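Subject: Handover of a structure and its findings

Dear colleague,

Please find below the structure that I am handing over to you.

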Amino acid sequence: MNTVLAIKNTNFGPYKYDNTTVYFYHRGIQVGSAFIPESKASFRSTKKVKVAVNLVSPTNLASNSQMAIDISSGVLPLTSQSELNGKVELMLVFKKKKAIDLNCTMDVVISSQELQTVQCN
């Protein structure tokens, strides 16, 4: 699955962030991940990053009846979690470490391979 993530920088300086991985879960069981390479988000802007998400079925799918029910319904509920670490450069002089926590819930419509009802904290 390919998706676009947005990194919103509300600071008055560029935000340089490190490599990170976003993990995807179905009802607490990890089912995928996406790699975000290090980059920079300009001050007071939103940087869009295209990433490939590798979703895999857990090895214990046979014993996970809830996942089978969700797949047969055509909508797969997922959550994602990550921490983006980096530094904000203020007035081109000061550097301050900042970490962003990513916690989202979403539904994947299997037939159209689209996300719906994405909610992030």
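To begin with a term: on a 1 Å grid over the protein atoms alone, a pocket is an open set of points where a 1.4 Å probe fits, with protein on both sides within 12 Å along at least five of seven lines, and a lining residue has an atom within 4 Å of a point. A volume is the space filled by probe spheres set on the points, which are joined across faces, edges and corners.

Please note that this is a predicted model, in which local features need pLDDT of at least 70 and side-chain atom pairs count only at pLDDT 80 or more, while totals for chains, interfaces and linings use all residues. Residues are numbered from 1 along each chain as its sequence is written, and side-chain values use heavy atoms, with hydrogens and water left out.

The volume of the largest pocket is about 490 Å³. It is lined by 25 residues, and Leu 5, Ala 6, Leu 102, Cys 104 and Cys 120 are the closest to its centre. Strands are DSSP runs of E with at least two residues, helices are runs of H or I with at least four, and both are numbered from the N terminus. Two or more lining residues come from each of β1 (2-9), β3, β8, β9 and β10 (114-120). Strand β1 gives the most, with 6 residues. By class, this lining has 17 nonpolar, 5 polar and 3 charged residues; here Ala, Val, Leu, Ile, Met, Phe, Trp, Tyr, Cys and Pro count as nonpolar, Asp, Glu, Lys and Arg as charged, and the others, Gly among them, as polar.

The second largest pocket holds about 300 Å³ of space. Its lining has 11 residues, of which Met 1, Leu 55, Leu 76, Val 108 and Ile 110 are the closest to the centre. This lining divides into 9 nonpolar, 2 polar and no charged residues.

Nonpolar core

A nonpolar core is a set of buried Ala, Val, Leu, Ile, Met, Phe, Trp, Tyr and Cys residues joined through side-chain atoms within 4.5 Å. Buried means under 20% relative accessible area, exposed means over 50%, and partly exposed lies in between (1.4 Å probe, protein chains only). In soluble globular proteins, nonpolar side chains tend to be buried together.

The largest core has 19 residues, and Tyr 17, Phe 24, Ile 36, Val 49, Val 51 and Leu 78 have the most contacts inside it. Strands β2, β3, β4, β6 (45-52), β8 and β9 (94-109) each give two or more residues, and β8 gives the most, with 4.

Contact means heavy atoms within 4.5 Å. Leaving aside residues up to four places away in sequence, Val 49 touches Thr 3, Val 4, Leu 5, Ile 7, Tyr 17 and Ile 36. Thr 3 is in strand β1 and counts as buried, at 17% relative accessibility.

Salt bridges

The structure holds 2 salt bridges, each being a side-chain nitrogen of Lys or Arg within 4 Å of a carboxyl oxygen of Asp or Glu.

Glu 89 and Lys 16 form one of them (3.9 Å, N to O). Glu 89 lies in strand β8 (residues 75-90) and Lys 16 in strand β2 (residues 15-17), so the pair ties together parts that are 73 residues apart in sequence. Glu 89 is buried at 14% relative accessibility, whereas Lys 16 is partly exposed at 42%.

Arg 27 and Asp 70 also meet in a salt bridge (3.1 Å, N to O). This pair links distant parts of the chain, 43 residues apart: Arg 27 is in the loop between β3 (20-26) and β4 (29-36), and Asp 70 is in helix α1 (residues 65-73). Arg 27 is exposed, at 53% relative accessibility, whereas Asp 70 is buried, with a relative accessible area of 7%.

Yours sincerely
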